[in-house]
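Dear colleague,

I am handing over the structure that you will be working with, and below it you will find a careful account of what was found in it. Please keep the structure open beside this message as you read.

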Amino acid sequence: MSQGQESTAQSIDELRAERDHLQRRVHTMEGLIEAGKTLSQELALEDVFRIIVELACELTGARYGALGVLDDSGERLARFITVGIDDETREKIGDLPTGRGILGVLIKDAKALRLTRISDDERSVGFPDHHPPMDSFLGVPIVTRGDVKGRIYLTEKIGSSTFTDEDEWIAMTLASQAAIALETAELYEMATHAASDLAEANVKLEQSGRHKSAFLANMSHELRTPLNSIIGYARLILDDADNLNSEQREDVEIIHTSGTHLLGLINDLLDLSKIEAGKTELSISATDVVQVARDTVNSMRPMIDADAVEIQLDAPETLFVQCDRSRLRQMLLNVVGNAVKFTRQGTITTTVTPRRGGGARFLVRDTGPGIPDQDVQRIFESFFQSEAALARSPREDEGAGLGLAITRMLAELHGGTVTIESNVGLGTEVCIEIPDVPEVPHG
Amino acid sequence: MADSPLRIVLVDDDDMGRRMLRRALDRRGHEVTEANDGQSGIELVRKESPDIVLLDMRMPGGMSGLDVIRELRADDATSAIPVIFVTASVHAEVRDLATKVGAQGFVEKPVDFDELYAVLDRLTGTSSD
């Protein structure tokens with residue numbers, strides 16, 4: 001063989017070696033890609049770790065592999081998944097490695113470590129009984145957010161006395177996969193905790209909602225019983241008014257009116273809690289809303305000072321809307337009632353017009369004191385009352401600030417709206433829009 | 001006060017409320033006898049065979065208004081006597097229940113006398129006009 005042939009043969013050998021190396025490399029890459037795919041599926045953490053160790057052994061040619069994960073203290077191994085050692089042997093070896101020996105010492109070390117003979121390392125304390133003999137060693141850390149969380153151990157490289165740089169790179173890559181899996185599991189656990197906390201909070205909220213409803217129902221019953229006497233006896237006296245002088249008659253009328261007012265508040269509170277609890281169902285029928293508006297306006301006439309305030313209705317002869325008649329009446333009573341309460345002179349006008357797209361639009365305009373801008377924002381909140389309005393209310397005992405809150409909830413139950421516009425010194429305009437509500441029988 | 005006088009048994013544990021209703025009914029010329037719990041109410045109804053029973057819902061002593069009406073309905077001697085609930089339990093569910101067990105009327109507390117009179121008139125077929 002000539003020199004040239006020799007060198008050709010050599011270069012062919014080199015090329016072959018290079019090809020083999022590249023093929024291995026491709027195989028490795030394929031393995032890692034495959035690992036990435038597998039691991040991105042939903043798997044139990046234990047399975048993920050096992051797949052990682054198995055791959056690490058396969059791709060580096062290690063006879064034995066293990067993956068250790070530290071517990072929360074960071075001092076001890078909580079899991080130790082092994083490959084290449086059968087269960088029986090593992091059983092015989094016994095406890096997980098602790099802070100002694102190579103495995104133990106390495107727990108806290110963030111660096112990779114490669115040894116040709118484990119027993120040559122000064123930190124080695126020898127193997128426990130029944131442990132298979134191991135010489136070549138490669139250990140890489142599993143690091144999440146800068147903390148060592150565990151380690152992949154590979155030993156006894158097949159067909160070679162020591163692990164290579166490439167083996168170390170493979171192991172590091174797989175260790176980072178393990179780190180991701182660990183981190184994902186931690187996040188998942190946190191999310192699960194948060195979800196169960198949330199569920200618990202929801203249950204508590206629901207319970208407190210039920211307690212509130214039960215409390216209000218009870219309260220309503222307990223308040224109605226004495227109120228029954230207050231209103232009833234006042235009525236008995238008033239029905240026998242011939243025996244009273246005018247002042248006494250007025251006194252008893254005040255008792256009767258106040259009692260009736262208190263009853264209104266109790267009803268409002270019950271209503272509000274029922275609507276809030278989603279327990280209110282509308283009873284929809286074809287309703288002449290002009291008739292409802294007319295009745296409402298007429299019922300207010302006795303309450304105004306006819307010399308100073310004019311109350312009027314501007315509406316077509318009839319207008320039929322699919323809505324809950326008694327709830328509409330309640331809404332209009334609230335809104336027109338507010339206008340009556342706060343208007344000392346001028347005009348209260350209720351305008352009824354067909355709503356675009358079906359239904360009706362009610363505009364109640366008064367010449368009362370008006371509501372300051374900052375209060376208009378809050379006027380629909382339960383129990384909110386405009387301070388300015390409170391100060392000017394001609395009847396100081398009236399109102400709990402529930403009327404508009406209820407009105408809006410009822411309008412929204414119909415799929416409608418309530419809006420308010422007000423100018424201090426000029427008056428207030430409340431607009432209720434109610435669409436035709438389809439009659440859907442509730443199951 | 002042109003009502004035809006009725007004989008009414010009034011069953012309610014609230015003494016003041018009962019006295020008040022009796023006076024309101026007296027004024028219309030009705031004749032009222034009273035019981036303050038469910039058991040004595042049933043006995044009184046059996047004894048008096050009234051034209052109408054006015055019945056509270058929530059009462060102490062283990063017998064609610066619902067128990068009372070069920071027992072009255074189960075007894076031939078009392079099954080046809082109209083019962084009107086007069087109660088501070090104003091839930092729609094309670095009202096439904098009252099209708100289901102065979103009550104002829106339901107008046108909420110605080111009692112609006114005009115409403116009560118109207119219910120009585122309706123049951124006895126008299127009307128004020």
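**What was found**

Among the contacts in chain B between residues at least 6 apart in sequence, 59% join residues at least 24 apart. Before going further, please keep in mind that this is a predicted model.

**Chain B**

The secondary structure of chain B comes to five helices and five strands, and from the N terminus on these elements run β-α-β-α-β-α-β-α-β-α. Chain B has 129 residues, of which buried residues make up 50%.

**Where chain A meets chain B**

Turning to the interface, 20 residues of chain A are in contact with 20 residues of chain B. The area buried between the two chains is about 1,800 Å², and carbon and sulfur atoms give 56% of it. Of the area that chain A buries against chain B, 35% is supplied by Asn228(A), Tyr233(A) and Leu236(A), which is more than any other three residues supply.

Between chain A and chain B there are eight residue pairs in polar contact, with both residues at pLDDT 80 or more. On the side of chain A that touches chain B, the elements that give two or more residues are helix H5 (165-239) and helix H6 (246-276) of chain A. Of the elements on that side, H5(A) gives the most, with 16 residues. When the residues of this side of chain A are divided by kind, they come to seven nonpolar, seven polar and six charged.

How many salt bridges are there between chain A and chain B? The count is three. One of the salt bridges between these chains joins Arg27(B) and Asp240(A), whose closest N and O atoms are 3.7 Å apart. In another salt bridge, the side chains of Glu222(A) and Arg58(B) meet at 3.8 Å, N to O. This pair crosses between chains, from Glu222(A) in helix H5 of chain A to Arg58(B) in the loop between strand E3 (52-55) and helix H3 (65-74) of chain B. Glu222(A) counts as partly exposed because its relative accessibility is 45%, and Arg58(B), at 35% relative accessibility, likewise counts as partly exposed.

**Inside chain A**

Over all chains, the structure holds 34 salt bridges. One of them lies within chain A, where the side chains of Arg408(A) and Glu412(A) meet at 3.9 Å, N to O. These two residues are four residues apart in helix H11 (residues 403-413) of chain A, so Arg408(A) and Glu412(A) are separated by about one helical turn. Arg408(A) is partly exposed, with a relative accessible area of 31%, and Glu412(A) is also partly exposed, with a relative accessible area of 48%.

The largest nonpolar core has 42 residues, and those with the most contacts inside it are Val289(A), Ile311(A), Leu328(A), Phe362(A), Ile420(A), Ile432(A) and Ile434(A). Helix H8 (residues 325-342) of chain A gives the largest share of this core, seven residues. Apart from this core lies another, of 30 residues, including Val48(A), Leu67(A), Ala178(A) and Leu182(A). Not counting residues up to four places away in sequence, Leu328(A) touches Val289(A), Val292(A), Cys323(A) and Phe362(A).

Thr82(A) counts as buried because its relative accessible area is 11%, which is under 20%. Leaving out residues up to four places away in sequence, Thr82(A) touches Arg50(A), Gly65(A), Ala66(A) and Arg90(A).

With kind regards

Technical notes
Residues numbered from 1 in each chain as written. Chains lettered and ligands numbered in written order. Predicted model: local features only at pLDDT ≥ 70, side-chain atom pairs only at ≥ 80, totals over all residues. Heavy atoms only, no water. Core = buried A, V, L, I, M, F, W, Y, C linked by side-chain atoms within 4.5 Å. Buried < 20%, exposed > 50% of the residue type's maximum accessible area, 1.4 Å probe, protein only. Contact = heavy atoms within 4.5 Å. Buried area = accessible area lost by both parts, 1.4 Å probe. Salt bridge = Lys/Arg side-chain N within 4 Å of Asp/Glu carboxyl O. Polar contact = N/O pair within 3.5 Å; in protein donor to acceptor, adjacent residues only side chain to side chain. Nonpolar A, V, L, I, M, F, W, Y, C, P; charged D, E, K, R; others polar.
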